[in-house]
Amino acid sequence: MSLRWKHIYCGFESSLGRFTLGVVMSLTLVGISKADTKKDRQKVLITGSSTLAPLMTTLATEYEKKHPNVQIDVQTGGSSKGIADCRKGLNDVGMISRSLKASESAVESISVASDGLAFIAHGGLTVNDLTPEQIADIYRAKVSNWKELGGPDLAITPVSKAEGRAALELFKKYFKLKSSEIKAGVIVGDEAHGVKTVASTKGSIGFVSVTTAMQATSVQKQSVVKSVKVAGASPTAADLRSGAYPYSRKLQLVKCRDLRKAVKEFVDFALSAEGQKVVERVGYIPL
Amino acid sequence: MWATYLYKASLWLAPALVASFVAFGFGFVFFESLPFLRSVDWSGTLSVKWFPSDESYGLIALMSGTVFVVVCALVISLPIAFGAAIELAFFVHGPLRSACLGAVGWFAGVPAVVVGLFGLVYVVPALGNWFGQGFGLAAASIVLLMILVPPTVLQLTETLQAETEGPLLAARSLGLSQARAVWKVVLPAKTFALAQSAMLAASRGVAETLAILMVAGNVVNLPVSFFESFRTINATIALEMPYALDVHRSSLFFLGLLTFVLVWLLRWMSGAFKKRPGLS
């Protein structure tokens, strides 16, 4: 039958009206989904470590301000995902916060910022300084009360990280512990979870990245979470650079093939003096 | 007219789509867990040692973590939820009822993650002060209670009032008090509704991941005390999936399969309460 106005505005009552409505809605949805792809925009995809993601996001925003035809997407998923995606060609560069394993060859890494392993403890703890052996003993559960280390009579709750996390790999490497040797009281997932857990558990000690520790101890009051010195050295930029604080690592980008022009220019920006100023501003430690 | 047939077809298509999503979901999880199923040493799974990096896939600690936390949570939340639902369905009327249902509805809308955060920041330190360690079954059960009770109360209040006006009126007119009418006449006829409600709450408890992860402590342990860290199946999947490779990743999908099985078991158990047609 021929289309009449009544079919449109009494849409729901007639079957032809319902059909027309369906077609119009589908076309609108298709139109909306196509609306924001600008053909002349260059896209850059960066995936990987959640430790490095906030920094890359800020660098991307700064870069996009000067180069409006480039769109940079930063996604997390972990260092392993960053490497896997890079090899499969699913991203332009990957972000990693751990060193490459022997099986991860054919991948080139570019350092973007410095970082390390920092120990944080519950704010009310009176112990400020520990030796590496004491820390290893705490995590082996050989020492279970702070009074054995010159502190109050309070049970120690060591906070560790889930299997596969970069920070855990770093901890095991520097303190020469195996997974089965670590007897944690609580296991956490990511950095923020770690900080929140240490902040709410009396007598707890945990490890996070230096960047997270710096942010946690400056943003929150000292009484909530505090940074623990190891053999007199603090996890600060100065001590890391001088080598007094030995638990360092570099936050890196990985590439598996030659970079496109747009991607290369962004990476060069990140490594330039201007980019490193952004690194410092966001709270990370520049190279 | 063909447009009508298109419309009717879409009514049939929708449930078919839903069924296919479920089938696809199960199929996907099953296929992804095949590498693990093919290569696993089954005798090693009957242990509490879950160390995937050392090829040790002990399932006992994880399964008991999930089962224990759901059981403990149900033990404390079902009495509260059932009591509240029965009160609201039969004993409380008027503005007070609307206010209560409104408040419960509001709580039901709080995301589980927020409840987990509340647990991490308030419940865990409080329990730590009173009992030594805050992380553990106690904190997880309390958090699950806050998550499970509101939707259960809402759903059960609705369900209890369905088809009970007749019997209730009959019982009252025979001289029974409201309390007797409810406990002796209406509720015995509604045991399936109660069982189904409990099953839904249990399924929700099995599915809950993040909130429990924040307060459980996540150490792979057999949970023997209320204040000792433990880990559930879902927490394992959430914590290890981003960094798992090959067989480890496949084993996590197998854990997902286990949760499927657990929920099916719950449905089967609640089906045992179904009555033949007609009131007893």
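Buried area is the accessible area, taken with a 1.4 Å probe, that two parts lose on being put together, summed over both. The size of an interface is often given this way. The model described here is predicted.

**The interface of chains A and B**

Between chain A and chain B, about 2,200 Å² is buried. Carbon and sulfur atoms give 63% of that area. On the side of chain A that touches chain B, the elements giving two or more residues are α2 (15-35), α4 (79-88), β7 (186-188) and α7 (191-200). By residue type, this side of chain A divides into eight nonpolar, 14 polar and five charged residues. In total, 27 residues from chain A and 26 residues from chain B take part in the contact.

What polar links cross the interface of chain A and chain B? Five residue pairs are in polar contact, both partners having pLDDT 80 or more. Salt bridges across this interface number zero.

**Salt bridges**

Over all chains, the whole structure holds 16 salt bridges.

| Pair | N to O distance | Relative accessible areas |
|---|---|---|
| Lys81(A) and Asp85(A) | 2.9 Å | Lys81(A) 32%, Asp85(A) 7% |
| Glu169(A) and Lys172(A) | 3.9 Å | Glu169(A) 32%, Lys172(A) 17% |
| Glu208(B) and Arg204(B) | 3.3 Å | Glu208(B) 9%, Arg204(B) 36% |

Lys81(A) and Asp85(A) both sit in helix α4 of chain A. They are four residues apart, about one turn of the helix. Lys81(A) is partly exposed, whereas Asp85(A) is buried.

Glu169(A) and Lys172(A) belong to helix α6 of chain A. Glu169(A) is partly exposed. Lys172(A), at 17%, counts as buried because the cut-off is under 20% relative accessible area.

In chain B, the side chains of Glu208(B) and Arg204(B) meet in a salt bridge. Glu208(B) is buried, while Arg204(B) counts as partly exposed. Shared partners also join salt bridges into a network made of Glu62(A), Lys65(A) and Arg281(A).

**Helix α5 of chain A**

Helix α5 of chain A spans residues 132-139. Which of its residues are buried? They are Ile135(A), Ala136(A), Ile138(A) and Tyr139(A). These residues lie on the same side of α5(A), because they cover an arc of only 160° around the axis.

The buried residues of α5(A) pack against several elements of chain A. The strands are β4 (108-122), β5 (129-130), β6 (157-161), β8 (204-209) and β9 (225-230). Just after α5(A), Ala141(A) takes a positive phi of about 65°.

**Chain B**

How many helices and strands does chain B have? The count is 11 helices and two strands. Along the sequence they follow the pattern α-β-β-α-α-α-α-α-α-α-α-α-α.

The C-alpha atoms of chain B fill a box of roughly 70 × 65 × 35 Å along the principal axes. Of the 280 residues in chain B, 43% are buried. Among contacts in chain B with a separation of 6 or more, 74% join residues 24 or more positions apart.

Methods: Residues are numbered from 1 along each chain as its sequence is written. Chains are lettered from A and ligands numbered from 1 in the order in which they are written. Side-chain values use heavy atoms; hydrogens and water are left out. Buried means under 20% relative accessible area, exposed over 50%, partly exposed in between (1.4 Å probe, protein chains only). The arc is that of the directions from the helix axis to the C-beta atoms. Contact means heavy atoms within 4.5 Å. A salt bridge is a side-chain nitrogen of Lys or Arg within 4 Å of a carboxyl oxygen of Asp or Glu. A polar contact is a pair of N or O atoms within 3.5 Å; within protein, one must be able to donate a hydrogen and the other to accept it, and residues adjacent in sequence count only if both atoms are side-chain atoms. Ala, Val, Leu, Ile, Met, Phe, Trp, Tyr, Cys and Pro count as nonpolar, Asp, Glu, Lys and Arg as charged, and the others, Gly among them, as polar.
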